[in-house]
Amino acid sequence: MAKIIISRDGQVEQQVQLSKERMTIGRHPRNDIVLTHPAVSGDHGVIVTILDDSFLEDLHSTNGTFVNGHRIGKHFLQHRDVIKMAKFQIEFIADGVRPMMAAAPLLAQIEVLNGNNAGKQMALTKPQTTLGRAGGQVVVIHRHPDAYTITHQEGAQPPLVNGIALGKQAQRLNHGDVIELGGTQMAFRIA
């Protein structure tokens, strides 16, 4: 289980295991992780953990969230990433450091995360894989030699990738991306 180590002024204040799928961070006492400082927003950010992958999202905080010196909106956390929120430095410690993936040939799969088909996996071996129901939300995942992209094909409501609506242009998929299509959540994983 991944954890974060929270420091202020070089002193470790707390270590928190990421034991829940969604853990909120902020100044307000209702948060899972409370950071008491006036420059921290009431609801500053959230860490979402799905299987072995953790994502940090800034909740439109006043002073922003930074990872390794860069302001972020949403970020896939890597082992030893340094998060900065106001006066707090937060180090992300993964539970197991995975080896780097081989560049070629790139093979990936989709794993269903919720509903009746939770746990089912589908290899993305064809040049194009269509997901969804006609008349509802439909996406096409395109396999390229060195990447996969996703395109919104059909439906009034755009599907979500990592909680953000998919635009009209093809979007590159990264390992750990979560696709939400008609209420079904699926994780994109490079095999």
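Domain bounds here come from an automatic or database domain assignment. The model is predicted.

**Exercise 1.** State into which domains the protein chain is divided, and how far apart their C-alpha centres lie.

*Solution.* Begin with the bounds: domain 1 covers 3-93 and domain 2 covers 108-190. Next, take the C-alpha centres of domain 1 and domain 2, which are 28 Å apart. Then turn to the contact, to which domain 1 contributes six residues and domain 2 contributes nine residues.

**Exercise 2.** Determine how much area domain 1 and domain 2 bury between them, and which residues of domain 1 lose the most area to domain 2.

*Solution.* The two domains bury about 610 Å² between them. Of this area, 61% lies on carbon and sulfur atoms. On the side of domain 1, the residues that lose the most area are Ile50, Leu51 and Lys74. Together these three account for 57% of what that side buries.

**Exercise 3.** Identify the salt bridge between the side chains of Asp53 and Arg189, and describe the side of domain 1 that touches domain 2.

*Solution.* First, apply the cut-off: a side-chain nitrogen of Lys or Arg must be within 4 Å of a carboxyl oxygen of Asp or Glu. Asp53 and Arg189 form a salt bridge with an N to O distance of 2.8 Å. Between domain 1 and domain 2 the count is one salt bridge. Two residue pairs are in polar contact across the interface. Now consider the elements: strand 6 (53-58) and strand 9 (74-76) each give two or more residues to the side of domain 1 that touches domain 2. Finally, sort the residues of that side: four are nonpolar, none is polar and two are charged.

Conventions: Residues numbered from 1 in each chain as written. Predicted model: local features only at pLDDT ≥ 70, side-chain atom pairs only at ≥ 80, totals over all residues. Heavy atoms only, no water. Contact = heavy atoms within 4.5 Å. Buried area = accessible area lost by both parts, 1.4 Å probe. Polar contact = N/O pair within 3.5 Å; in protein donor to acceptor, adjacent residues only side chain to side chain. Helix = DSSP H or I, 4+ residues; strand = E, 2+ residues; numbered from the N terminus. Nonpolar A, V, L, I, M, F, W, Y, C, P; charged D, E, K, R; others polar.
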